[in-house]
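I opened this model to look up packing, rings and charges. My entries follow in the order I made them.

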Amino acid sequence: MSKPRVYYNSACPVCNAGIGAERRRMEACNVDAEWIDIHRDPARLQEIGASQEFVRERLHVVDDTGAVRVGAEAIGALWSQTPQMRPLAKLLRTPVIRALARSAYNVFAAGLYRWNRWRGRW
């Protein structure tokens, strides 16, 4: 197993704050992850075969098994790494909650993406 790789966009202040909080939580639990800022290093996107625009809109995580997780599933993959968030990660895997979380995440992410474009962040 390898450490998770997190592909995020630091140009979005909301995304950057969320990643900062998750990073601190994981570091406090001695969980090693690679944090890849696609705003500063877009060439790294080749590793997952995703466009920069798609990763700007949705968080991507390559979990410790090598699977690419996107959106709400990516958050669940990160949450599963720390003891305090594992119960929420497990809840996110239940069918009804997974569907609701995916829908809510996608709506929020699309709105946040449009807001960031309107603000001229990219």
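**Helix H3**

I began with what the buried residues of H3 pack against. They meet S1, H1, strand S3 (60–62), strand S4 (68–70), H4 and H5. This is a predicted model, so I read each contact as a feature of the prediction. The buried residues of H3 are Ala72, Ala74, Gly76, Ala77 and Leu78.

**The nonpolar cores**

Next I looked up the largest nonpolar core. It has 17 residues. I noted the residues with the most contacts inside this core: Val6, Ile19, Met26, Trp35, Leu59, Val61 and Leu78. H3 gives the most, with 4 residues.

I also found a second, separate core. This one has 8 residues, including Ile36, Ile48, Ala50 and Val62.

I went back to Trp35 for its contacts. Leaving aside neighbours within four places in sequence, I listed Val6, Tyr8, Ile19, Glu22, Arg23 and Met26. Val6, Ile19 and Met26 are also among the residues with the most contacts inside the largest core.

**Thr82**

I checked a loop residue next. Thr82 lies between helix H3 (72–79) and helix H4 (86–92). Is Thr82 buried or exposed? Its relative accessibility is 0%, so I logged Thr82 as buried. I then listed what Thr82 touches, not counting residues up to four places away in sequence. The entries are Arg25, Met26, Cys29 and Val31.

**Rings**

How many aromatic pairs does the count come to? I got 1. The partners are Tyr113 and Trp122. Their ring centres are 5.6 Å apart, and the planes make an angle of 40°. I logged the pair as tilted. Tyr113 counts as buried because its relative accessibility is 15%. Trp122 counts as buried too, at 19%. The cut-off for buried is under 20%, so the value of 19% for Trp122 still passes.

I then turned to Trp115, which lies in helix H5. Trp115 is partly exposed, at 33% relative accessibility. Arg121 lies over the face of this ring, at 4.5 Å from the ring centre. Beyond four places in sequence, Trp115 touches Pro13, Val14 and Arg121. I also took the C-alpha to C-alpha distance from Trp115 to Cys12. It is 9.4 Å, while the two residues are 103 residues apart in sequence.

**Cysteines**

I searched for disulfides and the structure holds 0. I looked up accessibility for two cysteines. Cys12 is buried, at 1% relative accessibility. Cys15 is partly exposed, with a relative accessible area of 23%.

**Salt bridges**

How many salt bridges does a search of the whole structure find? I noted 12. I followed three of them in detail.

I took Arg44 and Glu47 to begin with. Their side chains meet at 2.3 Å, N to O. Glu47 is partly exposed, with a relative accessible area of 38%. Both residues also belong to a network of salt bridges that links Arg5, Glu34, Arg44 and Glu47.

Then I took Glu53 and Arg117. I noted 3.5 Å, N to O, for this salt bridge. The pair links distant parts of the chain. Glu53 sits in helix H2 (residues 52–57) and Arg117 in helix H5, 64 residues apart. Glu53 is partly exposed at 29% relative accessibility. Arg117 is partly exposed at 43%.

I ended with Asp63 and Arg69. Their side chains form a salt bridge at 2.9 Å, N to O. Is Asp63 buried or exposed? I logged Asp63 as buried because its relative accessible area is 10%. Arg69 is partly exposed, with a relative accessible area of 25%.

Methods: Residues are numbered from 1 along each chain as its sequence is written. This is a predicted model: local features need pLDDT of at least 70, side-chain atom pairs count only at pLDDT 80 or more; totals for chains, interfaces and linings use all residues. Side-chain values use heavy atoms; hydrogens and water are left out. Helices (H or I, at least four residues) and strands (E, at least two) are DSSP runs, numbered from the N terminus. Buried means under 20% relative accessible area, exposed over 50%, partly exposed in between (1.4 Å probe, protein chains only). Contact means heavy atoms within 4.5 Å. Rings of Phe, Tyr and Trp (its six-membered ring) pair if their centres lie within 6.5 Å; planes under 30 degrees apart count as stacked, over 60 as edge-to-face and the rest as tilted. A charge sits over a ring if NZ of Lys or CZ of Arg is within 6 Å of the ring centre and within 35 degrees of the ring normal. A nonpolar core is a set of buried Ala, Val, Leu, Ile, Met, Phe, Trp, Tyr and Cys residues joined through side-chain atoms within 4.5 Å. A disulfide is a pair of cysteine sulfur atoms within 2.5 Å. A salt bridge is a side-chain nitrogen of Lys or Arg within 4 Å of a carboxyl oxygen of Asp or Glu.
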